[in-house]
Amino acid sequence: MTAVRILLCDDHAVVRAGLLALLGSEPGIEVVGEAGGGEEAVAMAAKLRPDVVLMDLQLGPGIDGVEATRRIAAPDVHVLVLTTYDTDADVTRAIEAGATGYLLKAERPEELFAAIHAAAQGRTALSAPVASRVMDRMRGTGRPSLTERELDILGQLARGLGNREIARALFISEATVKTHLGRIYAKLGVDTRAGAVSVAKEQRLLP
């Protein structure tokens with residue numbers, strides 16, 4: 001059986017070294033390159049044409065893992081995200097960018113090996129917690145419950161208004177807006193305004 005050719009992309013050298021040692025011990029998997037940043041991964045993927053790129057999401061300076069995935073993903077090059085981040089927004093952005101699978105770094109080695117082989121064949125590979133949340137979302141059971149005021153603020157966010165403008169539009173204080181934003185972020189599993197709007201649109205929380 002031909003070995004699955006892997007390109008590693010992680011900005012932590014220690015993590016790359018650990019993955020290199022782990023994958024090197026598994027028959028049927030060959031690491032053909034390693035990159036410490038998004039731009040480097042894009043260039044190496046174009047040159048090496050690996051079967052699978054193991055991609056972290058947070059990559060320090062330069063483009064992040066999502067943008068690198070968008071530039072790399074092709075019919076013959078599959079991207080398998082391997083990260084510690086599992087918010088709905090992260091998963092959505094990665095899959096929309098073309099990732100074949102999404103794995104958490106807490107997975108057991110045998111699950112990582114299986115996911116690599118699945119990704120190489122173009123089959124979706126998801127960590128169990130991620131798969132469960134994706135299925136909940138598809139069934140509609142994972143839809144977050146926002147208060148009427150939180151929905152009001154979310155609507156103003158979608159219009160591109162800042163905290164001061166939102167406070168003025170809704171006749172509340174900026175401090176109150178910030179408090180509501182914190183609750184909205186927590187419920188949607190995001191940490192940015194753009195992430196909140198993206199998830200809200202995906203969950204059809206906005207009119």
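Leaving aside neighbours within four places in sequence, which residues is Ala-41 in contact with? The residues are Leu-7, Cys-9, Ala-35, Met-55 and Ile-72. Contact here means heavy atoms within 4.5 Å.

Some ground rules. This is a predicted model, where local features need pLDDT of at least 70 and side-chain atom pairs count only at pLDDT 80 or more, while totals for chains, interfaces and linings use all residues. Residues are numbered from 1 along each chain as its sequence is written, and side-chain values use heavy atoms, with hydrogens and water left out.

Back to Ala-41. Ala-41 sits in helix H2, residues 38-48. Helices are DSSP runs of H or I, at least four residues, numbered from the N terminus. Ala-41 counts as buried because its relative accessibility is 0%; buried means under 20% relative accessible area, with a 1.4 Å probe and protein chains only.

Now the largest nonpolar core. The core has 22 residues, and Leu-154, Leu-188 and Ala-196 touch the most other members. A nonpolar core is a set of buried Ala, Val, Leu, Ile, Met, Phe, Trp, Tyr and Cys residues joined through side-chain atoms within 4.5 Å. Helices H7 (148-158), H8 (163-170), H9 (174-188) and H10 (193-202) each supply at least two residues of this core. The largest share, 5 residues, comes from H9. Beyond four places in sequence, Leu-154 touches several residues, including Ile-184, Leu-188 and Ala-196. A second, separate core of 18 residues includes Leu-19, Leu-80, Leu-82 and Leu-103.

That's my tour. Thanks.

Notes
Buried means under 20% relative accessible area, exposed over 50%, partly exposed in between (1.4 Å probe, protein chains only).
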